[in-house]
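Please go through the notes below with the model open. They cover the salt bridges, the nonpolar cores and the backbone.

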Amino acid sequence: MRDITLVRLIPDSDHVDTVASWTFAEWGHLHPGSTAETWREAFRRECGEGGVPSVFVAMHGNRPVGTAALMAEDMDSRRELSPWLASVFVLPEWRGQGIAARLIRRVEEEAVDSGFSLFYLYTPDQQGLYRRLGWQDLEELSYRGEAVTIMLRHLEA
């Protein structure tokens with residue numbers, strides 16, 4: 001897979017600004033009132049040392065090419081659901097190579113290692129990818145003006 005490694009993103013990493021800018025560009029519209037700066041600071045707080053929260057990055061050499069996170073909360077209207085797979089993103093030129101699947105599996109491992117057997121995600125358009133990886137549809141709804149599917153995954157230690 002062209003020498004891709006997965007690493008935990010730490011708050012003082014040189015790559016925080018880059019990865020936060022990707023996620024803001026993709027999903028910032030779902031968080032009215034957020035700015036690039038407030039998003040970056042919130043993102044930095046999600047870069048935990050292990051468990052929830054954690055952010056992982058797919059690296060090609062010293063260049064980040066994708067990301068995924070394990071978060072306590074990702075949908076403020078469904079706070080009873082936790083934890084969440086969130087912010088799965090791969091740069092367009094790196095898609096189709098299994099990087100997203102590797103990132104998702106890494107987040108799943110982190111969830112299991114943290115004692116979770118069930119966790120969630122929401123997506124407007126990647127249901128097929130997640131279904132292929134064992135995720136199940138839970139609910140379809142409108143979230144902040146966008147039609148999304150909440151999906152769940154049962155994990156075993």
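1. Start with E139. Its relative accessible area is 29%, so E139 is partly exposed. The cut-offs are these: buried is under 20% relative accessible area, exposed is over 50%, and partly exposed lies in between (1.4 Å probe, protein chains only). R78 is buried, at 16%. The two side chains form a salt bridge, with N to O at 2.1 Å. A salt bridge here is a side-chain nitrogen of Lys or Arg within 4 Å of a carboxyl oxygen of Asp or Glu. E139 sits in strand 6 and R78 in the loop between strand 3 and strand 4, so the pair links distant parts of the chain, 61 residues apart. Helices (H or I, at least four residues) and strands (E, at least two) are DSSP runs, numbered from the N terminus.

2. Ground rules. This is a predicted model: local features need pLDDT of at least 70, side-chain atom pairs count only at pLDDT 80 or more, and totals for chains, interfaces and linings use all residues. Residues are numbered from 1 along each chain as its sequence is written, and side-chain values use heavy atoms, with hydrogens and water left out.

3. How many salt bridges are there under this rule? The count is 14. One of them joins R144 to D76, at 2.3 Å from N to O. R144 belongs to the loop between strand 6 (136-143) and strand 7 (146-154), and D76 to the loop between strand 3 (63-71) and strand 4 (84-90), so the bridge ties together parts that are 68 residues apart in sequence. R144 is partly exposed, at 36% relative accessibility. D76 is also partly exposed, at 31%.

4. S87 is found in strand 4, whereas R144 lies in a loop.

5. A local pair comes next. R106 and E110 form a salt bridge, with the closest N and O atoms 3.0 Å apart. Both are in helix 3 (residues 99-113), four residues apart, so about one helical turn separates them. R106 is partly exposed, with 22% relative accessibility. E110 is buried, at 6%.

6. Some charged residues go beyond pairs. D17, E37, R40, E41 and R44 are linked in a network of salt bridges.

7. Which residues touch the most other members of the largest nonpolar core? They are L85, Y130 and W135, in a core of 41 residues. Helix 1 (16-27), helix 2 (36-46), strand 2 (54-60), strand 3, strand 4, helix 3, strand 5 (118-123) and helix 4 (127-132) each supply at least two residues to this core. Helix 3 gives the most, with seven. A nonpolar core is a set of buried Ala, Val, Leu, Ile, Met, Phe, Trp, Tyr and Cys residues joined through side-chain atoms within 4.5 Å.

8. Y130 shows the packing in detail. Not counting residues up to four places away in sequence, Y130 touches L85, V88, I104, L121, T123, W135 and M151. Contact means heavy atoms within 4.5 Å. Another core lies apart from the largest one. This other core has eleven residues, including M75, W84, V148 and L152.

9. L129 is in helix 4. Buried or exposed, where does L129 fall? L129 is buried, with a relative accessible area of 18%. Leaving aside neighbours within four places in sequence, L129 is in contact with A100 and I104. The C-alpha atoms of L129 and Q97 are separated by 13 Å, and these residues are 32 apart along the chain.

10. Check two cis peptide bonds. The bond from V52 to P53 is cis, with omega near 5°. P53 lies in the loop between helix 2 and strand 2. The bond from S82 to P83 is cis too, with omega near -5°. P83 is placed in the loop between strand 3 and strand 4.

11. Last, the annotation. UniProt lists residues 4-156 as "domain: N-acetyltransferase", in an unreviewed entry. UniProt positions follow the numbering used here, feature names are shortened, and annotations may be inferred rather than shown by experiment. In the model, the span 4-156 is 29% helix and 33% strand, and its end C-alpha atoms lie 26 Å apart.
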